[in-house]
Amino acid sequence: MHDTRTTATFRYEALRAVSSGIVETASATFLLIIAVRWFEAGALAKGCVAAGSGLGYLMSPAVVSLVQRLQIPAATAASHLALAGGAVMGAAALFPVLPLFTFASLVSLAAAGAIIPLLTQVYQDNYPPHSRGRLFSRTVMIRIVTAAGFSLGAGELLSADIAYFRPLLGIFAGALLFAAWCLARIPSTPLAVADGGHPFRMFRAIADDRVFRATLISWMLMGFANLMMQPLRVEYLANPRYGLVLSAASIAVLTGVVPNLARLVLSPVWGWVFDRANFFVLRMTLNLGFALGIVSFFTSQSMTGLVLAAVTFGVSSAGGDVAWSLWVTKIAPPSRVADYMSVHTFFTGLRGLVAPLVGFSLVERYSMTTMGWLAAACILAATLMLLPEARRGSPVGSDTAAA
């Protein structure tokens, strides 16, 4: 039975990875390009566009709690959210005004982000522990290839005429609708009903689980720095203030194609490492890679330097995909993986909402170089916080932990 569920899950996750790759380019690159180049949006609107996924993560405890109460299968609930995201993005394609575009970007990316804890529980239930990272990384590779190819094509499209953003929004809407179709066909069961009825009961795990608590604190510092700088990549490359003023195609190459090619090459390696290595050593290694990538990107004025920085960022992102999505399976009891993941995604959402707004505000006062070094210092501090946990050894997987 497990083999059947594993095969079906992997089949539809592989198909969904195509739409995920397209939606990923919307979040990472194209919605911000549209906001800057077509709508000439202000800092608040750009921050809202960049914070869409963060809003979804922030909502995830409430979403998990609601899905538990309604006893809807996890993948079915995720399908409904993707359907809603596709609908609102389609509306933005039909009626291209800034308020609706900002709202649609926020809501559709939030819907895509809110499904993450539900899917982590599906991976826990349907993928065997000895190959969970490997299977997940294979679908990530499909997502990466799609994102890289789509970034190249969509970048050329917008370079030819920025007015082509409307059909591009239509493609994003179609990708979310296709994801909803795939998710509806993945086998899953309702989430286990935990004690207590309010959506914040899962935060008890922070007080009860020392390893979980320490990792969350470190991740909060590292993640805030990373998410603060991520949307500033497009700002740095697109805004005339910084002297680069690259075309939409060049921006897409540096923020989408190059990092995704690096992710593609390293993704299976990181999946293999995740299944076998000390998790905290893995996380510390990835942190240092992110710090190096940020500093090198925002201190470079040459195309060669920007490409090398994008490669460094992509290599770290490949490991970050696996570590961020699956790490709670290392420490959470099997029936509480969705609970643990919803806490993790909540704090990701909190920093995802605040960090872009802080970044766009601070960059009005400080140089991009200063911002890059500040972010790197935060990531280094977060890395040092994990050193005691790394010395204690990697936590056991939830499949072998006591429930």
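Is the crossing of helix 10 and helix 14 right-handed or left-handed? Load the model, which is a predicted one, and start the tour there.

**Stop 1: a helix pair**

Select residues 210-238 for helix 10 and residues 337-362 for helix 14. Two packed helices are described by the angle between their axes and the distance between the axes. Here the angle is about 40°, and the axes lie 8 Å apart. That angle makes helix 10 oblique to helix 14. Their crossing is right-handed. Now colour the contact by residue class. The contact of helix 10 with helix 14 has 19 nonpolar residues, along with five polar and two charged ones.

**Stop 2: glycine 155**

Next, select helix 7, residues 132-160, and pick out glycine 155 within this helix. Glycine 155 is buried, because its relative accessible area is 0%, and the cut-off for buried is under 20%. Show its neighbours. Leaving aside residues up to four places away in sequence, glycine 155 touches Phe30, Phe150, Ala248, Ala249 and Ala252. Valine 253 and glycine 155 are 98 residues apart along the chain, yet their C-alpha atoms are separated by 7.8 Å.

**Stop 3: threonine 29**

Move to helix 1, residues 2-37, where threonine 29 is found. Threonine 29 counts as buried, with a relative accessibility of 1%. Display what surrounds this side chain. With residues up to four places away in sequence not counted, threonine 29 touches Val234, Ile251, Ala252, Thr255 and Gly256. Keep Ala252 highlighted: this residue is touched by threonine 29 and also by glycine 155.

**Stop 4: glutamine 71**

Which loop holds glutamine 71? Select the loop between helix 3 (52-70) and helix 4 (74-94), and glutamine 71 is there. Check its backbone. Glutamine 71 has a positive phi of about 55°, although this residue is not a glycine. Glutamine 71 is partly exposed, with a relative accessible area of 36%.

**Stop 5: the cysteines**

How many disulfides does the structure hold? The count is zero. Then select cysteine 378, which is partly exposed, with a relative accessible area of 24%.

Key. Residues are numbered from 1 along each chain as its sequence is written. This is a predicted model: local features need pLDDT of at least 70, side-chain atom pairs count only at pLDDT 80 or more; totals for chains, interfaces and linings use all residues. Side-chain values use heavy atoms; hydrogens and water are left out. Helices (H or I, at least four residues) and strands (E, at least two) are DSSP runs, numbered from the N terminus. Buried means under 20% relative accessible area, exposed over 50%, partly exposed in between (1.4 Å probe, protein chains only). A disulfide is a pair of cysteine sulfur atoms within 2.5 Å. Axes are lines fitted to C-alpha atoms, for helices over the stretch in contact, and angles run from 0 to 180 degrees between N-to-C directions. Angles under 35 degrees count as roughly parallel, over 145 as roughly antiparallel, 65 to 115 as roughly perpendicular and the rest as oblique. A crossing is left-handed if the near helix is turned anticlockwise from the far one by less than a right angle, and right-handed if clockwise. Ala, Val, Leu, Ile, Met, Phe, Trp, Tyr, Cys and Pro count as nonpolar, Asp, Glu, Lys and Arg as charged, and the others, Gly among them, as polar. Contact means heavy atoms within 4.5 Å.
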